[in-house]
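Q: I would like to go through this model with you, starting with charged side chains. Could you take my questions one at a time?

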Amino acid sequence: MKKILSILLVLSFSLALTAQNTYKVLESSSKKAPKWIYGVEKDYLNVSATGESIEEAKDEILANIKRQITQSIATRIVSESNVKTDINQSSSGDFTKNTSLENSIMSKTAKLPFIGEISLSKASDYYWEKRQDKKTKKIEYFYAVKYPFSEFEMKKLLLDYELHDKSLTEKLETFEAEGEDFSTVEEIGSKIVSVTAFLEEFIPEDPRYARCQALIKRYNNCYSSIVLDCQQTKKGTIVATLLLSGNVISTSQKPSIKSQCADNISYKIDGSSFVISFNSDNCYEDDENFIEIKLKAGNKYITNKVPIKTTVDISLTGIVLDKNTSEPIPYAKLTLIPGNKSVVTNRSGIYAFNDIKDGVYTIQSYKSGYSTYVANNVRITSGGSASLDIFMTPKVKDGEVTSAQVIETVSEGNEGRKSPEKDPVETVRNGLSAYFRFNNTTKSEISFIQGTPLNSPVYDTDSQDGTKSICFSSLDESQLSFPKSMIAQPMSSYSIAFWIKGISDGHLFSCTNGNDTWRSNIPLMYIKDGKFALIESTDVNFNHPKLDYNWHHIVLVVNRNNNTTATLFIDGVAVDNIGMNGSNDSSVTKFILCGKANYKELNAIDTKIDNLRIYGSRALSDEEVYEIYEAEK
């Protein structure tokens with residue numbers, strides 16, 4: 001150490017001589033420059049700078065002090081971390097890593113309170129000169145300070161840095177833990193701005209930088225997940241609501257509304273919905289009549305074209321709400337008696353009965369988790385529009401409600417009635433290619449298709465519908481092989497619905513063109529990290545909460561109308577909707593349920609399957625999915 005210090009003093013003395021030979025001192029703060037200017041002292045930083053003015057030199061010195069302190073902290077942290085982790089790295093690798101790490105540490109240290117409090121007024125000594133270059137005659141100012149910086153202050157700064165760095169990690173984890181239950185479109189943009197600003201805390205080499213980028217991408221994807229849910233509630237009126245993952249979301253943006261035939265178009269805001277009014281007298285049945293609604297969400301536009309109904313007499317409309325919270329209830333089933341005409345509320349809780357004859361009706365509203373609601377003596381007059389909002393009461397939890405339905409009525413002395421039950425196989429029959437109940441058989445109940453068991457799947461009395469289910473084992477790699485694809489690939493839409501209990505990662509189902517062991521054909525659905533994924537024209541990873549070990553209703557809907565989309569429903573609710581490019585270009589001849597798949601090296605899974613439905617050439621609507629769920633649960 002003494003040898004190094006001697007060398008530094010010799011170098012400093014040489015620099016001093018060089019300066020004296022190069023410059024002529026015109027003015028100075030003292031007759032003789034202090035020795036500390038070119039020396040090294042414990043617990044002090046000796047810093048100098050030059051500038052065209054004395055103030056410019058002072059500013060440069062202040063920046064140099066901060067730079068030296070942050071550099072010393074970064075060097076100390078890198079040195080200590082290298083002792084623990086970098087012993088086996090190459091020297092070039094160390095240099096690159098250390099330089100990046102030091103830059104990251106310096107950027108964070110510069111934001112600590114101590115650095116902001118550095119001031120020349122705290123210097124122990126100072127010295128300045130006004131001097132002239134002997135060759136160029138240029139005049140400049142030289143300024144030097146002796147600034148206190150002890151080992152104690154160094155340790156305190158190291159602790160402050162560690163606390164600051166820890167707080168950044170905690171803030172990032174808070175961002176990551178926050179859900180996407182936004183109530184307004186503007187909240188999404190605000191979150192993106194916050195995370196983008198937070199990104200500046202890190203250099204690209206810091207893993208947290210990539211995590212921030214992933215967050216920004218996740219929030220931008222929220223814009224793509226917003227849909228515009230629209231329903232014509234009566235002639236000349238459309239209600240439009242923005243939805244994010246099935247939840248209502250509002251916006252301050254003004255909608256753009258146009259039509260090629262309707263006029264006098266206007267709108268008003270009702271809660272989170274836009275109520276659009278228009279005159280359709282100039283719209284004719286032979287035209288393509290629609291109202292186009294467009295809203296901006298971030299850098300994307302959300303649009304919907306709503307067909308205009310000009311001859312339909314819409315007689316009864318309303319909204320179904322939670323009695324306790326006044327929140328809309330989506331997918332509630334309403335039945336009109338007499339006639340047993342049924343409709344399902346849309347995602348905004350809105351319903352509409354069309355073409356109803358004059359008379360007095362009873363309206364029954366059913367939704368899982370709520371007491372059945374019955375409204376009696378509802379009078380409908382043809383040519384007009386009646387309105388009835390329905391408030392449903394949540395059932396009492398913890399077993400306080402028996403299996404018998406509790407009926408609410410809006411007229412005293414009138415008993416409510418339950419809607420007649422029907423065989424679930426008769427529910428949404430349109431387009432149903434095959435229906436497997438797995439009640440001691442693998443034969444479809446509506447066709448001659450029958451699955452061939454491989455590696456001994458077994459039947460179990462634990463089932464969703466009270467009959468039996470079929471169980472698959474990863475140890476046996478058990479599966480079912482069906483001799484028909486049941487899906488009209490490669491260009492058609494399709495829907496697959498089933499109940500599942502107990503899931504593990506691995507292959508769920510896929511289509512092949514004849515080879516049962518090499519399932520390179522698609523579509524292929526599998527489970528990874530407890531979440532569903534689909535290999536179709538592209539790989540699709542659905543985002544949803546992980547399922548518990550209970551029966552759950554799963555529906556995959558691939559819709560090729562206009563743009564191809566894949567929608568995943570869990571227990572009657574759409575949990576994720578993802579756009580896909582193109583379509584599968586392979587024709588398929590077989591359908592495989594469970595077992596292993598060599599494609600992507602997918603292992604077999606341990607699970608129970610019940611009530612498998614396959615719609616080989618059509619995409620189910622949201623209402624149809626919920627109707628199936630309600631019929632089978």
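Q: Is E178 buried, partly exposed or exposed?
A: E178 counts as partly exposed, at 29% relative accessibility. Buried means under 20% relative accessible area, exposed over 50%, and partly exposed in between, with a 1.4 Å probe and protein chains only. The model is predicted: local features need pLDDT of at least 70, side-chain atom pairs count only at pLDDT 80 or more, and totals for chains, interfaces and linings use all residues. Residues are numbered from 1 along each chain as its sequence is written, and side-chain values use heavy atoms, with hydrogens and water left out.

Q: Which side chain does E178 meet in a salt bridge?
A: The partner of E178 is K191, at 2.6 Å from N to O. A salt bridge here is a side-chain nitrogen of Lys or Arg within 4 Å of a carboxyl oxygen of Asp or Glu. E178 sits in the loop between helix 5 (151-177) and helix 6 (185-199), while K191 belongs to helix 6, 13 residues apart. Helices (H or I, at least four residues) and strands (E, at least two) are DSSP runs, numbered from the N terminus.

Q: And K191, buried or exposed?
A: K191 counts as buried, at 19% relative accessibility.

Q: How many salt bridges are there in the whole structure?
A: The search finds 15. One of them joins D462 and K501, whose closest N and O atoms are 2.8 Å apart. D462 lies in the loop between strand 24 (458-460) and strand 25 (469-472) and K501 in strand 27, so this pair ties together parts that are 39 residues apart in sequence. Salt bridges that share partners join D460, D462, K501 and K608 into one network.

Q: How accessible are D462 and K501?
A: D462 is partly exposed, with a relative accessible area of 22%, whereas K501 counts as buried at 15%.

Q: Switching to sheets: what is the strand order in the open sheet of seven strands?
A: The order is 23-26-35-28-29-30-31, with antiparallel pairing. Two strands pair if DSSP finds at least two bridges between them.

Q: Which strands stand at the edges?
A: Strand 23 (452-454) and strand 31 (539-541) do, each with a single partner strand, so one side of each is left without a neighbour in the sheet.

Q: How many bridges join strand 28 to strand 35?
A: Four bridges join strand 28 (residues 506-512) to strand 35 (residues 590-594), and the two run antiparallel. S510 has I592 in strand 35 as its bridge partner.

Q: What about strand 17, which strands does it pair with?
A: Strand 17 (residues 359-366) pairs with strand 14 (residues 333-337) in the antiparallel sense over five bridges, with T335 opposite Q364. Six bridges also join strand 17 to strand 18 (residues 372-380), again antiparallel. Strands 17 and 18 form a hairpin with five residues between them, and G369 in the turn has a positive phi of about 90 degrees.

Q: Last topic, confidence: what is the average pLDDT of the chain?
A: The average is 78, and 80% of the residues score at least 70. pLDDT is the predictor's confidence in each residue, from 0 to 100.

Q: Where does pLDDT stay under 50?
A: Among such stretches are residues 1-17, with six contacts beyond four places in sequence, and residues 398-420, with 39 of them. A contact means heavy atoms within 4.5 Å. Where pLDDT is low, the predicted coordinates should not be read in detail.
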